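The sequence and structure come first.

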Amino acid sequence: MEKTCTLLVHFDKGTPALANEIKEALEGNDVQAKAEAMKKAVMLLLNGETIPQLFITIVRYVLPSEDHTIQKLLLLYLEIIEKTDSRGKVLPEMILICQNLRNNLQHPNEYIRGVTLRFLCRLNETEIIEPLIPSVLSNLEHRHPFVRRNAILAVMSICKLPQGEQLLGDAPETIEKVLSTEQDPSAKRNAFLMLFTCAQDKAINYLFTHIDRISDWGEQLQMVVLELIRKVCRTNRGEKGKYIKIIISLLQAPSTAVIYECASTLVSLSSAPTAIRAAANTYCQLLLSQSDNNVKLIVLDRLNELKSSHREIMVEVIMDVLRALSSPNLDIRRKTIDIALELITPRNIDEVVLLLKKEVVKTQSAELEKNGEYRQMLVQAIHTCAIKFPEVASTVVHVLMDFLGDTNVASAMDVVVFVREIIETNPKLRVSIITRLMDTFYQIRAARVCSCALWIIGEYCLSLSEVETAIATLKQCLGDLPFYTATEEGENPDASKNTQPISSVTVSSRRPVILADGTYATQSAALETAMSPPALVQGSLTSQENLRSLLLSGDFFLGAVVACTLAKLVLRLEEVQPLKVDVNKATAQALLIMVSMLQLGQSSFLPHPIDNDSYDRITLCIRLLCNTGDEMRKIWLQSCRQSFVKMLADKQFRETEERKAKAQISHAQPDDLIDFYHLKSRKGMSQLELEDEVQDDLKRATGEFTKDNDDANKLNRILQLTGFSDPVYAEAYVTVHHYDIVLDVTVINRTKETLQNLCLELATMGDLKLVERPQNYTLAPESSKQIRANIKVSSTETGVIFGNIVYETSNVLERNVVVLNDIHIDIMDYISPATCADVAFRAMWAEFEWGEQGCCEHGYSR
């Protein structure tokens, strides 16, 4: 049978000590050797060894020692040895130590007294403690606070014993007198804790007697006061109004631990707006004053819980929460932004966006390690704000467009996606966005960002000046044509334009990436990384020829996008340009660019030729410009935009449905209850007490105090382990929490006999591990017993728990066995579903090399 353990010491099993060696060391006069021998004896006992022959040796040679270390080790030894026999009676030899304990309690040294009193706190044997009670009580008046505080704890432990009232009937009165005169903060805390544990009425009486001085009490005592308030209010909700006043007064305490506990207690006890507002302000204060990142994360978790249940109050403190963005820790910033995004309203949106915009500007100037990731978070947050409140888009979109050329590709991609959505949802901003995009296009250094920006240019350049500017911008970014000459392809050593990039463009190795529909596409690795600086191609490449350098790196997917954009611009030019000469000129220039890209892709100038998809798409654009029909014009100039509009509508619909699903209550319905609490009888209550009572009435009326469907859910989780006709009936309630499985097994004796040594024997199959073996029990006729078993899950595989119940009866010598039904633990019981955005999923999938390197052999040739 397993026993409780109050002491844990590391033990090296490789070098076990022998009992004879320990005995010889204890009998010697060397104090150091005697201390080492005591340590070995304690460690052996803690690891299950029984050394009964050492007890008499210790009584003879260790008890008389005056060394403090040996006396402390002696108390540890006495703490862990077996003091009772199999029937629960105290062993006769234990009487030998009583006199030594009494001497220690009267020892002139306060350390000996204190450690002995602490040892008594762990004793449960009444026969040993009873003769020591007078000495314990005398230590309550000792001059040293270390002795007094341990004496109070010893009195409390004696009172908690089954015969405690008989041993110390007047203990609460005695401790109450000590509490009224005690000056030491720790001793005072222990005395109040003793009254709280053993005489709650006296603790409450003392609390209200000294209610004006609570703010002057020490931190430890204030923490016990809060624990007392929580306990009293849980059992008697009608009196919590006067206790909430005490909690609010403690919010001004100098200790941050007390302040945090006060806020947590307020939230757990009251739903009054005044109390919740005080708790929220306290959390915000802690969020700003504490430098420990772990504390900040814990406080943010509490604020997140408040946001779920009291959103209207949290909206008031959103700007205080956002001040946590000053922390350089990304986890803190991410949690802060997540909380703030769910608290934005038409009233505070301008302030929130202004602060986020300032933070974005800071990331541009400050040189911090993870500025790119932080900027990406801010861009996504501003994007969310602009979708919820389109009127703020005009204040941020131009600032964000400065980051289209960001070296952090993810951040730049978020910006261009934001611009693409805003230009469609805010038609008034179209002209200014297009103009700004033309001015900043040459700064873009990532192919993915270039592709999205080119799509925006092709779809939203509508006027004549915009189309002509767009075509000129693309020509400038592509540079002079052709992209290479015949002498360069022949490796002319005098070539000065594009010979250099041959050795430096080896990063264009292809790899498959997963698309939104789950299919694979082959793209250049340059799509995933920022482009090299403009100096990549010397001679012909200036800082504005970003498209040229990407094409020369082998990115023909981008080349296909350029071809499509040029085709759209030329088709648009035909509609807005009355002069056919200019249209024909633009068409010829676009065709020249497309043919040059095809020529580059099929040359030996690059290590990899153009892929078939890009080749077909560029060829399609060439055919379109050579032979344009009305139907094709409609597809290219209207259908693409309509598809994008439909995608945005679907996205907005999904987000609206998700918000509706998350919303637990409606805030203002026509048939909502209007509570005229001014008509409620006040009975001398303060405003806070009145608010709290009103909220309680509302909760009681709406059933919030009752647990919804808990019993029904529990019944669904009960598994029958044995049959109704078996002598022992057993059923289990399975609780799965992350990687812990708890089996609460109810065992019922269906017979008229006493079942002895009944044991639940369990075994597991799969990656399940039984943490502890349940102990043996004795079951009276027709009685029941609750047995708990803990199981750890070590992998994501389905496991099986099986076993049997073994027991003995008085009439039969053999053990009886009842086989249990198997319990199947499904992987879905401890895996929680989660959502992931398409972009984030594709980014994570790209990191899994096993998803990209599949070899496939076939007999076909290309």
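In helix α26 (residues 430-440), the buried residues are Arg-430, Ile-433, Ile-434, Leu-437, Met-438 and Thr-440. Buried here means under 20% relative accessible area, exposed means over 50%, and partly exposed lies in between (1.4 Å probe, protein chains only). Helices (H or I, at least four residues) and strands (E, at least two) are DSSP runs, numbered from the N terminus. The buried residues of α26 pack against α24 (393-400), α25 (409-425), α27 (447-460) and α28 (464-478).

This is a predicted model, in which local features need pLDDT of at least 70 and side-chain atom pairs count only at pLDDT 80 or more, while totals for chains, interfaces and linings use all residues. Residues are numbered from 1 along each chain as its sequence is written, and side-chain values use heavy atoms, with hydrogens and water left out.

Helix α11 (residues 171-181) has Ala-171, Pro-172, Ile-175, Val-178 and Leu-179 as its buried residues. Viewed down the axis of α11, they fall within an arc of 120 degrees, so they line one face of the helix; the arc is that of the directions from the helix axis to the C-beta atoms. Lys-177, Ser-180 and Thr-181 are exposed on the face of α11 turned away from its buried side. The cover over the buried residues of α11 includes α9 (145-159), α12 and α13.

Helices α12 and α13 also share an aromatic pair. Phe-192 lies in helix α12 (residues 185-198) and Tyr-206 in helix α13 (residues 200-209), so the pair ties together parts that are 14 residues apart in sequence. Rings of Phe, Tyr and Trp (its six-membered ring) pair if their centres lie within 6.5 Å; planes under 30 degrees apart count as stacked, over 60 as edge-to-face and the rest as tilted. The structure holds eight such pairs, and two of them are listed here.

| Pair | Centre to centre | Angle between planes | Class |
|---|---|---|---|
| Phe-192 and Tyr-206 | 6.1 Å | 55 degrees | tilted |
| Phe-724 and Tyr-729 | 5.3 Å | 10 degrees | stacked |

Phe-192 is buried at 0% relative accessible area, and Tyr-206 is buried at 6%. In the other listed pair, Phe-724 is exposed at 56%, whereas Tyr-729 is buried at 9%. Phe-192, Tyr-206 and Trp-217 form one aromatic cluster.

A ring also faces a charge: the charged end of Arg-333 sits over the ring of Tyr-374, 3.7 Å from its centre. The criterion is NZ of Lys or CZ of Arg within 6 Å of the ring centre and within 35 degrees of the ring normal.

The structure holds zero disulfides, a disulfide being a pair of cysteine sulfur atoms within 2.5 Å. For Cys-477, the nearest cysteine sulfur is that of Cys-450, 7.7 Å away. Cys-477 is buried, with a relative accessible area of 2%. Cys-452 is buried as well, at 7%.

Overall, the chain has 38 helices and 12 strands, and 45% of its 862 residues are buried. Of the contacts (heavy atoms within 4.5 Å) between residues at least 6 apart in sequence, 66% join residues at least 24 apart.

Mean pLDDT, the predictor's confidence in each residue from 0 to 100, is 79 for the chain, with 81% of residues at 70 or more. Over residues 488-510 the pLDDT is below 50, and this stretch has 47 contacts beyond near neighbours in sequence. Residues 704-709 also stay under 50, with six contacts beyond four places in sequence. Where pLDDT is low, the predicted coordinates should not be read in detail.
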